[in-house]
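Here is a short briefing to read with the structure open beside you. We will start with single residues and then move on to an interface, a helix and a sheet.

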There are 4 protein chains.
Amino acid sequence: MAGSVFGKELVMTTWGESHGAGIGVTVDGCPAGLSITEEYIQTYLDRRKPGGRDFATPRQEADRVRILSGIFEGKTMGTPISMMIENTSQRSGDYGNLATTYRPGHADFGYDAKYGFRDYRGGGRSSGRETAGRVAAGAVAARLLEEYGVRVQAYVSAIGPVRCDPSRFDTEEIGRNALAMPDAAAAAEAAEYLKKLMEEQDSSGSEVTCIVTGLPAGIGEPVFDKLDAVLGQAIFSIGAVKAVEIGDGTAVVQARGSVNNDGFYMKEGVVSKHTNHAGGILGGISDGSDILLRASFKPTPSIFREQETVNQDGENVKLSIRGRHDPVIGPRASVVVETMTAFAIADLFLRNRSSRI
Amino acid sequence: MAGSVFGKELVMTTWGESHGAGIGVTVDGCPAGLSITEEYIQTYLDRRKPGGRDFATPRQEADRVRILSGIFEGKTMGTPISMMIENTSQRSGDYGNLATTYRPGHADFGYDAKYGFRDYRGGGRSSGRETAGRVAAGAVAARLLEEYGVRVQAYVSAIGPVRCDPSRFDTEEIGRNALAMPDAAAAAEAAEYLKKLMEEQDSSGSEVTCIVTGLPAGIGEPVFDKLDAVLGQAIFSIGAVKAVEIGDGTAVVQARGSVNNDGFYMKEGVVSKHTNHAGGILGGISDGSDILLRASFKPTPSIFREQETVNQDGENVKLSIRGRHDPVIGPRASVVVETMTAFAIADLFLRNRSSRI
Amino acid sequence: MAGSVFGKELVMTTWGESHGAGIGVTVDGCPAGLSITEEYIQTYLDRRKPGGRDFATPRQEADRVRILSGIFEGKTMGTPISMMIENTSQRSGDYGNLATTYRPGHADFGYDAKYGFRDYRGGGRSSGRETAGRVAAGAVAARLLEEYGVRVQAYVSAIGPVRCDPSRFDTEEIGRNALAMPDAAAAAEAAEYLKKLMEEQDSSGSEVTCIVTGLPAGIGEPVFDKLDAVLGQAIFSIGAVKAVEIGDGTAVVQARGSVNNDGFYMKEGVVSKHTNHAGGILGGISDGSDILLRASFKPTPSIFREQETVNQDGENVKLSIRGRHDPVIGPRASVVVETMTAFAIADLFLRNRSSRI
Amino acid sequence: MAGSVFGKELVMTTWGESHGAGIGVTVDGCPAGLSITEEYIQTYLDRRKPGGRDFATPRQEADRVRILSGIFEGKTMGTPISMMIENTSQRSGDYGNLATTYRPGHADFGYDAKYGFRDYRGGGRSSGRETAGRVAAGAVAARLLEEYGVRVQAYVSAIGPVRCDPSRFDTEEIGRNALAMPDAAAAAEAAEYLKKLMEEQDSSGSEVTCIVTGLPAGIGEPVFDKLDAVLGQAIFSIGAVKAVEIGDGTAVVQARGSVNNDGFYMKEGVVSKHTNHAGGILGGISDGSDILLRASFKPTPSIFREQETVNQDGENVKLSIRGRHDPVIGPRASVVVETMTAFAIADLFLRNRSSRI
């Protein structure tokens, strides 16, 4: 039980259902003295908002965050920071026909199996909307990391067969196109691909990449709370993620040690590496290089095509999903990956303060 | 700090360095009344032991587990189960020349950056030997799951370019060959590949697959302690893992929703799925299908070839590693994947007891 | 850090400052299927409200609780229950002169020493108002316990030198008098005593007793999460508590074993005890008898009499506190003791579900 | 479940039954670089050992602690410190007749009610012997606190009706007499009292006082992990404790605010207090004064006098306890109070490192 709490020193507790009163989060353990504003947090929330992007659902979610506690005269007080986003767009009629049917690819069946019943309105707690709380919490973490020169940036690196070309990588481009890709050409190509899929009442998988720069060596706690282990939990806790990779990821299976080992060398007095196959993590501890992670998102399970499924009475039925659904998850989820990464790292960053007497 | 504790209801705390007095673990929270013996736990430990397998290091580690508490008259009492494996093979001279040099691909530099110094003998706490404690703890968890008809099985599915052929899959074969592969032909081919790499003083990456059968629907806690999130942490906490995949894993990036969605249907009164792209987890909760996960292990970083690196005085140096090292990690690590999976699932299984009034 | 989270299976996270936007709490881990309403929770909050009692401060705090998540069609869903009480009465001018001065008996100096600054408006996070969140969370726990026949009742057993007479004990009386005492005569006498103290610009200590009935034997987790240990933390976490006693409490120092041991005997097939010196807890585990605990509250530190203190510039100053303050803490705090007791027991009650296979 | 884990940053997990292989503890989260030896820890264990004191049981427990991990070249490495005390004195025949009978004042019945069965040999996990693990862990914490000038000292302040006279307080005396009292005259009087009780086959209650000096202001985490709340859990987790008091404790019930408030004043540039009724804790945070706590221990429940009780078959029976039992708990438990206090404070001390950016 009690799976809505994350972190050990920096702890967030999220709450809220898709069609309830709102979505919220409490961040406990943020050190005192950090300057932070609602506007700062709002910029993160705006990035996961639909409506601002062509391929996102046309719902008008205001998603205005309100800080309810923990900040005094513009600074964190060391006390819990409670934030809430009221639910304003709740056309509950949209989802009524799903009350008794289990959508393929969704948690409906699992929730019923677990709890005996569920909030069938818009996915309830298992809705993607739940991530709004985490994004707000992760924005606080990102603000904290900023203070120490650590920066976290996520983007969409692939949609279906379309993959960004590293030679065209442009950070500025991430915020310019509707698909959060750092490669304008790939974004255009992916847009075409998605358009075709939508015509076919289908959806696409996607990949989000996240890079952390400026993290000093020594962050991460052996044995179970290794940096990659905590990131693993953080990223897999995002709905629809089916794979998490650090550094070279699955490619290491075919690699040889003589190539995969990143040789150390001294660069301007700092221990550096010639390559970064490890993605900045060795033995679960940061090595001072950039942290590199990738998350593979499955295709949006809500598709308009008629599907076979069962209902809660144990009958085989046909299901047609209506409503508004993104054809791809990555573009809106990239900020969730970014903020969850920031939160996980900020927690370990604080925990590291006790590593030496 | 305090990263050697794992689990919420079923909690393990591991301890021990490679060349200290021993390796151990305490399992707290195991329900009373479970029959368990040292022999049962030993069978798991024997699977990670070197010496019994051709391609593993020739060290003779006795690795005899001793149960120190928590069992009375052959049954768990509900009190902490403490287990210890004494270190018997400690030729400390083997590692002396590594006291001041950072091995590429290892945690040496990270430990020094974090703690200011480290136990340089055999990797200390970051040694693969640390996993003996987890294996013992996971064996207890596996015994607990067995009681409820849940079975966990891991094996090596790929070594370098050699991949098992699903059409030749044979569970019995896993225990027969030195590489823990369920495909005798692939095992033979992989053995040739490893022999060649060893001649080249090199090492290979590998992939471990783990399957959980018999797990009922409803296990896993939304939001952060989803079944896949907890597994993600559990598996990434194993050294050398660079990717964790659930179900189709990274392949979902290129998938379409119409194919990736596993349609539900009723099979003999049970909610079933035509396919299992999801790997048995939807929205972080088990759906009653088999749980499928894969872990990608990087090549053994300890290779005999001379490498470039730096020492703790910040000098560029050449390093030649001596001693005994496996050319591939997967075969010995597969039981670690299996037991960590068992432990993570057993914990969530117990936590689920509070899902309903 | 992160000290606003309490419980292991049933977990609450509170937030909010006295003069911020509101006070709130999220309860994670409540099993699904429990009927609960805002009205039910409100009855608990009303008991800690000032204004309804003669000797409480005349502030008009509406203290209306709003359930923001976790309840669907009148029942808990197993997801986090978020509750909020908006702050409506915030005459911030009342407290302005305390911005730089440390009130004796308050946490002002400690907060500054810890965090470098503090919300000086009404005590901020250290205000008694913070307890509103816990009371709401504890009301959920009380509702859960009710389902299993467990009932928790707290009352004021002493105010200054006035102590309730057990021979006049009347449960109904607790809700009838302004001092929450189960003895009308003692309540009248205590009221006289408090009136005199108020004329002298002074305040009184008090004692709250709490009784838990219907708790089965076997609740409480050895070694550190014994029933009394968790209750100890829960009750000491309430501001102004300086002693917690279980059963005979401090009187055991002078007792003899032959008297203090509660002999067991069979009563209608149930293991019972002739006496209950132990207060229902043996070895940290409930024994099936009533749980008896007492909390000693210090006198309200906010008194109108001029006091000597220092300010944040390190100067000795005189302080005169204005505003509205209760002359005694127990009457309003009794519901806090009751709900914290309920929460602690509900958590251990759920944890006990894993005691056997 | 899982109640044998204590602490958040500095975490201990204890294990072991009275008549099993041994008693042990793992301390995770101790910062690297702390000098510590087995001899240092042994001095703490020796203080809880029977045999060295006239009124303690005549068993010859060697109680030699062995450090199994976490220390390298005399210093903590930041990795878990595992310590074990082998059980050497196990005359299991002594306790055989208690296998089916519930001793009054003991946890026997509760364990059976909880787990379905229990280790009846010497109390199993609920034996006082379990505290050896905590004492070893607390000794590490005491060593850590020493590094920062914090000193923890516990002693017996009362046995039955005999109370130490503050005017005769002598720290040196604590280690000199068999009853750990800081007042030689009181110790002599208490010895007479105990001798008389032993003749009457009876036992006495006792009080242990603990003083912490040198703790800076600002330690303790609002709201639930207040310094007094964490101490409350720590001390109540020690068997036989029925009351915990901070500062004036239960006396505050009869106190007035004008007296109970400790006025602040500046003393050599430091915020100080004229009195210390608060026992060094205000609002759950240390105020820079000495921390004062008291624990009331019930009389030893094992008495030789025949007692009425029931057996596990639900029959009323007479019970005569044999074996070796102290007539009073305080003298041997004082070091347990001291080390649990040290551990709780060390944990909060480390947690405070994240109070500010």
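A residue is called buried here when its relative accessible area is under 20%. Because A:Asn261 has a relative accessibility of 7%, this residue counts as buried. Please keep in mind that this is a predicted model.

**A:Asn261, a loop residue of chain A**
- A:Asn261 sits in the loop that runs between α7 (257-260) and β12 (264-267) of chain A.
- Apart from neighbours within four places in sequence, A:Asn261 is in contact with A:Thr275, and also with B:Pro104, B:Gly105, B:Pro301, B:Ile303 and B:Gln307.
- With B:Gln307 there is a polar contact from side chain to side chain, at 2.8 Å.
- As for distance within the chain, A:Asn261 and A:Val135 are 126 residues apart in sequence, and 35 Å separates their C-alpha atoms.

**Where chain A meets chain B**
- How many residues does each chain bring to the contact? Chain A contributes 111 residues and chain B contributes 111 residues.
- Interface size is often expressed as the accessible area lost when the parts come together.
- For chain A and chain B, the buried area is about 8,400 Å², and carbon and sulfur atoms account for 57% of that area.
- Six salt bridges are found across this interface. One of them joins B:Arg256 to A:Asp202, with 3.6 Å between the closest N and O atoms.
- Between chain A and chain B, 53 residue pairs are in polar contact, counting pairs with both residues at pLDDT 80 or more.
- On the side of chain A that touches chain B, helix α2 (residues 108-115) gives the most, with seven residues.
- Sorted by class, that side of chain A holds 46 nonpolar, 39 polar and 26 charged residues.
- Strand β11 (residues 241-246) of chain A also pairs with strand β11 (residues 241-246) of chain B, in the antiparallel sense and over three bridges. Here A:Val244 stands opposite B:Val244.

**Helix α2 of chain D**
- Is helix α2 (residues 108-115) of chain D mostly covered or mostly uncovered? The helix is mostly covered, with seven of its eight residues buried.
- The buried residues are D:Asp108, D:Phe109, D:Gly110, D:Tyr111, D:Asp112, D:Lys114 and D:Tyr115.
- These buried residues pack against three strands of chain C: β12 (264-267), β13 (270-273) and β15 (285-286).
- Just after the helix comes D:Gly116, which has a positive phi of about 90°.

**A sheet built from chains C and D**
- Ten strands form an open, antiparallel sheet in the order β9(C)-β8(C)-β10(C)-β16(C)-β11(C)-β11(D)-β16(D)-β10(D)-β8(D)-β9(D).
- At the edges stand β9 (162-163) of chain C and β9 (162-163) of chain D; each has a single partner strand, so one side of each has no neighbour in the sheet.
- Within chain D, strand β8 (residues 151-159) and strand β10 (residues 206-213) pair antiparallel over eight bridges. D:Val156 has D:Val208 in β10(D) as its bridge partner.

**D:Thr14, a buried strand residue**
- D:Thr14 belongs to strand β2 (residues 11-16) of chain D.
- Its relative accessible area is 0%, so D:Thr14 is buried.
- The side chain of D:Thr14 makes a polar contact with the side chain of D:Arg125, at 2.6 Å.
- Beyond its neighbours within four places in sequence, D:Thr14 is in contact with residues including B:Thr26, B:Pro80, C:Val223, C:Phe224, D:Glu130 and D:Arg134.

Technical notes:
Residues are numbered from 1 along each chain as its sequence is written. Chains are lettered from A and ligands numbered from 1 in the order in which they are written. This is a predicted model: local features need pLDDT of at least 70, side-chain atom pairs count only at pLDDT 80 or more; totals for chains, interfaces and linings use all residues. Side-chain values use heavy atoms; hydrogens and water are left out. Helices (H or I, at least four residues) and strands (E, at least two) are DSSP runs, numbered from the N terminus. Buried means under 20% relative accessible area, exposed over 50%, partly exposed in between (1.4 Å probe, protein chains only). A polar contact is a pair of N or O atoms within 3.5 Å; within protein, one must be able to donate a hydrogen and the other to accept it, and residues adjacent in sequence count only if both atoms are side-chain atoms. Contact means heavy atoms within 4.5 Å. Buried area is the accessible area (1.4 Å probe) that two parts lose on being put together, summed over both. A salt bridge is a side-chain nitrogen of Lys or Arg within 4 Å of a carboxyl oxygen of Asp or Glu. Ala, Val, Leu, Ile, Met, Phe, Trp, Tyr, Cys and Pro count as nonpolar, Asp, Glu, Lys and Arg as charged, and the others, Gly among them, as polar. Two strands pair if DSSP finds at least two bridges between them.
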